Amino acid sequence: MTPRAFSAGLLILGGALAAWSAMRLDPGSLYLLSEVVVIMILAQMWNLLAGYAGQISLGHQLFVGLGGYALFLAANNTGVPIWIWLALAPVLAGALAIPLGMVVFHLKHAYFAVGMWVAAEIVAALVLKWSWTGGSAGLILRPGGESMTSNPERVIFFGLAFGLVALVVALRAFLASDTGLALLGMRDNPQAAEASGVNVRRMHLLVFVISAMGCAAAGAAYYVNALYISPSDAFQMNWLIAMMFVTVIGGLGTLTGPILGTVLFIAIREVMTNAGYSGGTYWIVIGALAVVVLLVAPRGLWPAIQDLTDYTKRKAFR
Amino acid sequence: MTPVGPLFQANGVTKRFGGFTAVSGVDLTLGTGESVGVIGPNGAGKSTLLGLIVGSLRADAGTLELEGRDMSRLSLPDRVQGGIARAAQIPQTFARLTVRENLRLPAVFGARLHGAEASDWVDEVLTLTGLTDHAGAVAGELGLLSRKRLELAKAVAARPRLLLLDEIAAGLTQHEIETMIGLVKSLRSDRAIVWVEHIPFALRETCERLVVLDKGEKILDGAFATVWEDERLQSVYMGVADHAAA
Ligand SMILES: Nc1ncnc2c1ncn2[C@@H]1O[C@H](COP(=O)(O)OP(=O)(O)OP(=O)(O)O)[C@@H](O)[C@H]1O
Ligand SMILES: [Mg+2]
């Protein structure tokens, strides 16, 4: 099968599955599944920057909150349909990421990570303080000043699920392109990439902007579903922790890893919450799982599974 | 006809590491088709000089011009795109990419080729450097000779007008060195080459000109045979076994 046929097949299959689920499943399941897809998209975006460009950000919750707030403010204060703002929120976040990236990429490694965290904290503090952003009380989604007449979860779920499939297809194509090859080369050896004529700085900025846009889109969709946004929720560290954990557990620098990690993450959370464990207890189990994975399979579960199947395949051929 | 200026010109290039001057006021002029050998004892500043020319190191003083264009302020990737490439002393390969992918990067981002044009050029470089059989191999799994060849091939793939070679034959067997010599000869025609090497016969075969660096300074520069006979060269190498053996 050619890569193009594979991509087309994936898109059609994913689209059909997303449409079927969006029409048939009950609102509660759709809400949960939407959250699953949101985390998958966030992890995919964090992974693009950390796993492929080698830049660990500790402030990506910034873009989740930014996407959500951009959408709520724009939708509540204009008569323009919410779907248009859903498309424009990531563009706004991407535009803001350019100057931010130019500043934080002056910082190296640990300083970049911390610099991003500081940036996220500053924006969260401002949103908390300002009255036009609703302050600590947050905002209720009232498009054009009127309350929502119907719940958006079916359309949102379809958009998110199809968006995730399209994102994975696009990332595969990107990694197969010459620009993607430059990214893989940078991951192996940044000096050698520069010595080959690759502008490593510009590539970092490109990937940073893409990851900001993806997080903002997912954040905007998530809070439309929630119908309510507040600074303590939208800019919370838990967003970052979720994207980091699922990526590291599933496999940093792989496209399948973040998906696998998210499934495990949500499964653990749901099972433990249903079994009656309170509040954030599941974080302990997830943290322990991460430690075990990092000790047993430092590159994450998906690469470990691949090694295993490679091994059995090789044995079978012998 | 108007007189054509030199292909490459370096003036007063200087590099200090703290209080220590590794390269001190070096001038170097090269024409198209010219190959220059550079020798000097360990720590003379040869690798540092090549690093300053390609831009992996920032010079503290001095200017660089390629084809009349000032390169002194350009970043490393901009200089590679502008026509300077180096095969480094320690091979800088992309360990997880295949040999072909290793060469595609400089072909696309250095030589600015696209699509099938880039693929054809990569095939040509593979043939030229004898790496065709390894094209699909992952670079991290190559042996020393192949890694050295790949490092050279990556520099060639960028289509430089000025090609800098840093000890590309070090550690190879006599037979392998002869292969490298043949390779360098085939690359000479439409570019300038600067080859740093501790192996005299390799330079004698390929370079009509020889430069001697010592303690960061250029002390000799001229026709190979003349410099080779110069007694100042002998004194620089007093007691250095490498040279005595040659
Ligand atoms: N990054 C650096 N920081 C401090 N000193 C350095 C650095 N790089 C090189 N040097 C010093 O500069 C001097 C010149 O080093 P260089 O590598 O250019 O020598 P070389 O002529 O290439 O030697 P060799 O033949 O051993 O490769 C050496 O004394 C080295 O220790
Ligand atoms: Mg050296």
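## Surroundings of ligand 1

In this predicted model, ligand 1 is surrounded by 14 residues (those with a heavy atom within 4 Å), and the closest are B:Asn42, B:Gly43, B:Lys46, B:Ser47 and B:Thr48. Helix 1 of chain B gives the largest share of this shell, 3 residues. By class, the shell holds 5 nonpolar, 7 polar and 2 charged residues.

Oxygen atoms of ligand 1 lie 2.9 Å from a polar backbone atom of B:Gly43, 2.8 Å from a polar side-chain atom of B:Ser47 and 3.5 Å from a polar side-chain atom of B:Glu167. Taken alone, ligand 1 exposes 640 Å², and the protein buries 61% of that (Shrake-Rupley method, 1.4 Å probe).

## The magnesium ion

B:Ser47 (OG) and B:Gln89 (OE1) coordinate the magnesium ion (ligand 2) at 1.9 to 2.2 Å; donors are N, O and S atoms within 2.8 Å of the metal, or 3.2 Å for Na, K and Ca, and water is not among the atoms, so sites may look incomplete. The two residues are 42 apart: B:Ser47 is in helix 1 (residues 46-54) of chain B, and B:Gln89 is in the loop between strand 6 (84-87) and helix 3 (99-110) of chain B. Helices are DSSP runs (H or I) of at least four residues and strands (E) of at least two, numbered from the N terminus.

B:Ser47 has 30% relative accessibility and so counts as partly exposed, as does B:Gln89 at 34%. Partly exposed lies between buried (under 20%) and exposed (over 50%), with a 1.4 Å probe and protein chains only.

## Confidence and conventions

Chain B averages a pLDDT (confidence in each residue, from 0 to 100) of 91.

Residues are numbered from 1 along each chain as its sequence is written, while chains are lettered from A and ligands numbered from 1 in the order in which they are written. Local features need pLDDT of at least 70, side-chain atom pairs count only at pLDDT 80 or more, and totals for chains, interfaces and linings use all residues, while side-chain values use heavy atoms, with hydrogens and water left out.

How values were computed:
pLDDT = per-residue confidence, 0-100. Polar contact = N/O pair within 3.5 Å; in protein donor to acceptor, adjacent residues only side chain to side chain. Nonpolar A, V, L, I, M, F, W, Y, C, P; charged D, E, K, R; others polar.
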